[in-house]
Amino acid sequence: MVVTSQTAPPLPELTSRPRHVAIIMDGNGRWANGRGLGRSEGHRAGAEAIRPVIERLAEHGVEVLTLFGFSTENWGRPRAEVQTILRLGGEFIDRYLEELHQRGVQLRHLGDPERLPGVLQKKVRQAVERTAHNDRMIVNLAFNYGGRADIVSAVQRLIAEGVPAERVTEEAITARLATAGLPEPDLLIRTGGERRVSNFLVWQSSYSEYYFTDRQWPDFDAAAVDDALLEYAQRRRRFGRVLDDGSRDPGSDESGAND
Ligand code: IPE
Ligand code: IPE
Ligand code: MG
């Protein structure tokens, strides 16, 4: 059971809510720069911002949360920074695994674990195994994840399974992605001010609602979660179609696409 945090504002009522929220947790470096700190301090503060956000989204009844923590392109950063981020990933698991487990969170890993340091691979594996039977909320940790690599590996699986060309459908690919079996992200949040996808869930986010905020990730708190979800509730999703009343106007009836 997720306990309401003491410092968070009262939970606003939402007229519709996303089942799956995905977050590009960006802006750690700039947050640190703005305070005269090193980038490592930004990553540390960023890691601390994660748990309250999980908690708040769970309180809102969000079923799946996918957190972009380290991209396949982030290996291109200076070696020391990469090591810091990988180390903080392990420390996050050390520090919060039990608490998240107690609160019914099921942790999963998205991305290729092979390139991660052995110690981190082991921690990730243990976290996934420990929480495998929890059903309050699924939290995907996208760590060494790339959207294109995800699609490539799905296609490789299709070929390895000997699936004939005419059976290579969108469903067949979707079923072999790292997110197989999960609803697609309804809401994709990016903090840090950039308006791009940076190779996150490129296939899965075809019809996601995007929410960009200039707030840096370490400052993204429960109130910021509420703002994003309140904005989501105002959106009218059409999926290329017209709404039930025949209109395409934002002011018209809810499409019911979230249920
Ligand atoms: C996001 O913050 C964390 C990772 C990409 C691992 P950044 O490190 O990208 O911070 P900025 O974008 O440089 O501010
Ligand atoms: C995206 O942020 C990756 C993560 C937040 C883990 P980046 O900071 O790496 O993205 P770019 O370089 O600004 O596109
Ligand atoms: Mg960045």
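Predicted model: local features only at pLDDT ≥ 70, side-chain atom pairs only at ≥ 80, totals over all residues.

User: Which hand does the crossing have where H2 passes H7?
Analyst: Residues are numbered from 1 along each chain as its sequence is written, and chains are lettered from A and ligands numbered from 1 in the order in which they are written. A crossing counts as left-handed if the near helix is turned anticlockwise from the far one by less than a right angle, and right-handed if clockwise. For H2 passing H7, the crossing is right-handed.

User: And how are H2 and H7 oriented to each other?
Analyst: Their axes come within 9 Å and cross at roughly 45°; axes are lines fitted to C-alpha atoms, for helices over the stretch in contact, with angles from 0 to 180 degrees between N-to-C directions. Under 35 degrees counts as roughly parallel, over 145 as roughly antiparallel, 65 to 115 as roughly perpendicular and the rest as oblique. H2 and H7 are therefore oblique.

User: What about H2 and H3: how many charged residues does their contact have?
Analyst: H2 (residues 39-59) and H3 (residues 79-102) pack at about 30° with axes 10 Å apart, so the two are roughly parallel. The H2 side includes Arg 39, Glu 48 and Arg 51, and the H3 side includes Leu 88, Phe 92 and Tyr 96. By class there are 8 nonpolar and 3 polar residues, and the charged ones number 8.

User: At what angle does H3 pack on H4?
Analyst: H3 passes H4 (residues 118-131) in a left-handed crossing. Gly 89 and Gly 90 of H3 are among the contact residues, as are Val 124 and Ala 127 of H4. The axes are 10 Å apart, at an angle of about 20°.

User: Over to the sheet: which strands stand at its edges?
Analyst: It's an open sheet of 6 strands with parallel pairing, in the order E3-E4-E2-E1-E5-E6; strands pair if DSSP finds at least two bridges between them. The twist averages 20° from one strand to the next. The edge strands each have a single partner, so one side of each lacks a neighbour in the sheet: E3 and E6.

User: Which residue stands opposite Leu 188?
Analyst: Strand E5 (residues 187-190) runs parallel to E6, joined by 4 bridges. The residue in E6 opposite Leu 188 is Tyr 210.

User: How many helices and strands does the chain have?
Analyst: Helices (H or I, at least four residues) and strands (E, at least two) are DSSP runs, numbered from the N terminus. Their order is β-α-α-β-α-β-α-β-α-α-β-β-α. The tally is 7 helices and 6 strands.

Technical notes: Heavy atoms only, no water. Contact = heavy atoms within 4.5 Å. Nonpolar A, V, L, I, M, F, W, Y, C, P; charged D, E, K, R; others polar.
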